[in-house]
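Student: I would like to go through this structure and ask what lies behind the words used for it. Please show it first.

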Amino acid sequence: MISKLLHKKSILQQSPLFDGEYFLKSYCKNEEIQAVSAEVRFLNERSLWSCATSGFFNGEYYTYQSDDLKALSYPPIIHYITDGYFEARRPSALIDIDYLVSQIIDEELPDDDHERHKLKLSVLDQYAGIYDLLKSTKKNPNKLFDNQYFCEINNINLDELEVPIQYYYRNGVYCSDNGAVLETTPLFCMEKYLGKNEDLRVAQVNPLEHLLTHGLREKRLRCMNDLIIESFLDNTADLYQDDRFKDHEYFLSKSLACGQIAGSKWKSVYSDNSNPAFSDGRDSELESHVTLGTVLYNNSEQELKRLKSSIDKEREFSEYVTINDLYFVNDVENTEFYISIFGEDKVIQSESGNIGFGSGHNALMEHAFPESDYYFGINPDGCLIRDCVKSLVNFSRHYNDASLVEANILPLNHPKWHDPVLFDTKWVSGAAFFLPRGLWADVGGFDQNIHMYCEDVDFSWRVKAAGYSLKVCPTANFFHDVTSRNSVSDDDAVEKRRKRSMLMGAYHLAVKWQAQDVADEYYQTLVNENLILPHQKIDKPAQLIPKSVSAEVADFGHGLRFSPSRFW
Amino acid sequence: MNVSCVVRFHDSNSVAYLERALHSLHTQTEVSVKPIIVLQRFSNAEVAKIESVLSRNWYFPEHQPPEIINFQDDSNCDARSKLMNLGMNCHLESGNSFLGFLDYDDFLYSHAYATLTKTLIEKNAAVAFARVELAKVIPLKDYDFVYDMSKPYSGKNKLDLLRDNFCPLHSYLIRTDLIDQSLLFFRENMTRVEDYEFLIRLIGQNPCDFSNLNKFIGCYVMRSDGTNTTPWSAECGDVESKTSIWAENVKLLNMYKSSTEVKFYASDF
């Protein structure tokens, strides 16, 4: 027994996970401190095995993870040092093994549990133990402890510390100079956390540890509503069809605490640094060919001349991007007028009267591809803003030309939600849409049976169903002002026509994507608002999207917006 | 209709915001706009940068050539009122009849000036007002993420405006050929609420029109990091200094208010 004690004592003495000084100060009466060594005291008293012996190990936390650990007949810390580390178990709330490994490999861990575990083991095996890992890699131990930030904000010299979190734990979580709580992350204010939860301050609880073990789960972060807005998390959850994003812990784990933005004051790394989606390819000299396509119908001279001069200006400043422009005429009686503005070689007139927006763009895309690398469909009552086309090309390339992209609409962008950092969105507006040749070749164009409104939603959903992503490029600006619609309208007839077209398009969409109950609602609205006659027949789509696909992609949960909104 | 718009600009690192404001002027419909960019103590290189921005972004033939005025002196005092006065003088020299203002970090909708000029002509008013919306944004390095829009500015008429300022700088347009042009100045001893003091003097003597308050013609942008060009912006130093500057100027405002005569016209309500 004595030799076993010596053996275990030796393990503890050699491990930074057992901080003798900290242990004695925390758990022993003064008069007992000098009597026996900390290791002996600890090993002989079973009730102390569940204590925190340092910032790296907490016995209670460790054994809570699993029943086999609860049944240990020897100190859990010994188990962790000899076996648990190599089994990728978590030693304390302050040490997040998954987060450490993802930083080391510089990517997210796989979702599959088996693969994830295998990867963690392979990484952990490269180090002697958790202290060796932290010391060698200098990685942050958990999502709310940033080594560099911790040292800067608390005026500590980072170079003098082997492992900053050891300092944090060993010196108490309060600054020795002024008693202020030590801050550990730009994402979250410990002082405010204690301010809002006075019970913790009174109990002298470590706020970081409490937050990681209880606070997140108890939604105490929600007190900090100047940092996190619930609607941001809700919108993110909706966008990615994953309710787990509503939970702070999951949000932090997916975003590695620096990706997506959770609220107006939630510090993102992209507050001060350029997002790679915009800086990649910025200096690229790779040539590309873009066709701008516009569908015309009863457009005024001023708006068309403005569009043309903005394209000419863009062309003037685009070094490596060749810009071609084409126009499809739906009101053929005005063809000569359009030719006088754009030139005969750029104008294509419909052979069947007004075939609609989507069909017009389809005709233009047929002309544009395969010669063009990209097609940029734009509305005739808008104009390009500086470097719009170049920005779209670079952005598309950054995402491997596997996205349907919406340009940023000015003066105010489309109100639908998009991820502020990853740029995913539910659908792409037809007012300014950009796609690569490969996507068009795979998915085709718009549904020719939808004359106007919702054809862009349908197209977006088909693109998504085919495996591509839908994104907004906030730095590619296209001016298209629809704000006058938001003021009180003097022209009810115009508004009524627009609403009818919108509902007809939405009805077609709902039937096509097999949401019959939604389609019935749209139909009833058309009748109730005297936009169609009761029992009037509406043509149904000839082809339906299979329910298995529709269930994955279509979202009729936001009325006619088809997406959560940021505003309006 | 020829409209001058005075745009104050003092931070050469915020050119992207100036560009956004210029886009919003460039795309105004049914009017011809002359942007008058007034700079505060810019170096030659900084002025050249602004000229380059204008050259790249201002080219529709229906608009008037822009003006750049670079205010220089040896002090480093806040020159915001001085900049406005320089801009207004330039407007008077241009011969344009309509004068508007736009802070460089806000923007107008394309129908703003068409709406207001039409009203000024039809109603024979001197100042026409519409509404602006409030856009709350998160300023990221590459762009501003708009996360909320609201309509916080209430107020219905001249009386409400005299009680409290519910009209941001870019929510109104002045028909300068109808007014006593000696009113067109900002008090240079005021560095806060100088725009409100100007407005009170202007509306006090002239018929106004508020019939477009049901229309939104632009946005006031509020950044979540607190760097707005308000008395509370980061550049102003600590909270105590900001508060005392604000209080001093409010005192001045109240003093001027008590000696400002006000006339009421039927169109004011």
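Tutor: One definition first: Ala, Val, Leu, Ile, Met, Phe, Trp, Tyr, Cys and Pro count as nonpolar, Asp, Glu, Lys and Arg as charged, and the others, Gly among them, as polar. By those classes, the lining of the largest cavity has 6 nonpolar, 1 polar and 5 charged residues. Note also that this is a predicted model.

Student: Which residues make up the lining of the largest cavity?

Tutor: Asp238(A), Leu239(A), Gln241(A), Lys426(A), Trp461(A), Lys464(A), Ala551(A), Glu552(A), Val553(A), Ala554(A), Asp555(A) and Phe562(A) line the largest cavity. Two or more lining residues come from each of α16 (230–239), α24 (455–465) and α27 (547–553) of chain A. The largest share, 3 residues, is that of α27(A).

Student: What makes a space a cavity rather than a pocket, and how many cavities of 30 Å³ or more are there?

Tutor: In a cavity a 1.4 Å probe fits but cannot get out, whereas a pocket is an open set. The count by this rule is 7 cavities of 30 Å³ or more. The volume of the largest cavity is about 80 Å³.

Student: Why is His508(A) called buried?

Tutor: Buried means under 20% relative accessible area. His508(A) has a relative accessible area of 7%, so His508(A) is buried. His508(A) sits in helix α25 (residues 492–512) of chain A. Not counting residues up to four places away in sequence, His508(A) touches Asp447(A), Asn449(A), Ile450(A), Asp539(A) and Pro541(A).

Student: Is Ala506(A) buried or exposed, and what value decides?

Tutor: The relative accessibility of Ala506(A) is 0%, and because the limit for buried is under 20%, Ala506(A) counts as buried. Ala506(A) is also found in helix α25 of chain A. Leaving aside neighbours within four places in sequence, Ala506(A) is in contact with Cys454(A), Tyr522(A), Leu560(A) and Phe562(A). Phe562(A) is also one of the residues lining the largest cavity.

Student: What makes Phe18(A) buried, given that Phe18(A) is in a loop?

Tutor: The test uses accessible area: Phe18(A) has 5% relative accessibility, under 20%, and therefore counts as buried. The loop of Phe18(A) runs between α1 (2–14) and α2 (20–27) of chain A. Leaving aside neighbours within four places in sequence, the contacts of Phe18(A) include Phe23(A), Phe42(A) and Ile77(A). From Phe18(A) to Ser309(A) the separation is 291 residues in sequence and 72 Å in space, C-alpha to C-alpha.

Student: Why is Glu30(B) called exposed?

Tutor: Exposed means over 50% relative accessible area. Glu30(B) has 60%, so Glu30(B) is exposed. Glu30(B) lies in the loop between α1 (15–26) and β2 (32–40) of chain B.

Student: Is the crossing of α8(A) and α10(A) left-handed or right-handed?

Tutor: α8(A) passes α10(A) in a left-handed crossing. Helix α8 (residues 97–105) and helix α10 (residues 130–137) of chain A pack at about 40°, with axes 12 Å apart. Ile97(A), Leu100(A) and Ile104(A) of α8(A) meet Ile130(A), Leu133(A), Leu134(A) and Thr137(A) of α10(A). By class, that contact has 6 nonpolar, 1 polar and no charged residues.

Notes: Residues numbered from 1 in each chain as written. Chains lettered and ligands numbered in written order. Predicted model: local features only at pLDDT ≥ 70, side-chain atom pairs only at ≥ 80, totals over all residues. Heavy atoms only, no water. Helix = DSSP H or I, 4+ residues; strand = E, 2+ residues; numbered from the N terminus. Buried < 20%, exposed > 50% of the residue type's maximum accessible area, 1.4 Å probe, protein only. Contact = heavy atoms within 4.5 Å. 1 Å grid on protein atoms, 1.4 Å probe; cavity = no way out; pocket = protein on both sides within 12 Å on 5 of 7 lines; lining within 4 Å. Points joined across faces, edges and corners; volume = space filled by probe spheres on them. Axes fitted to C-alpha atoms, helices over the stretch in contact; angles between N-to-C directions. Left-handed = near helix turned anticlockwise from the far one by under 90°.
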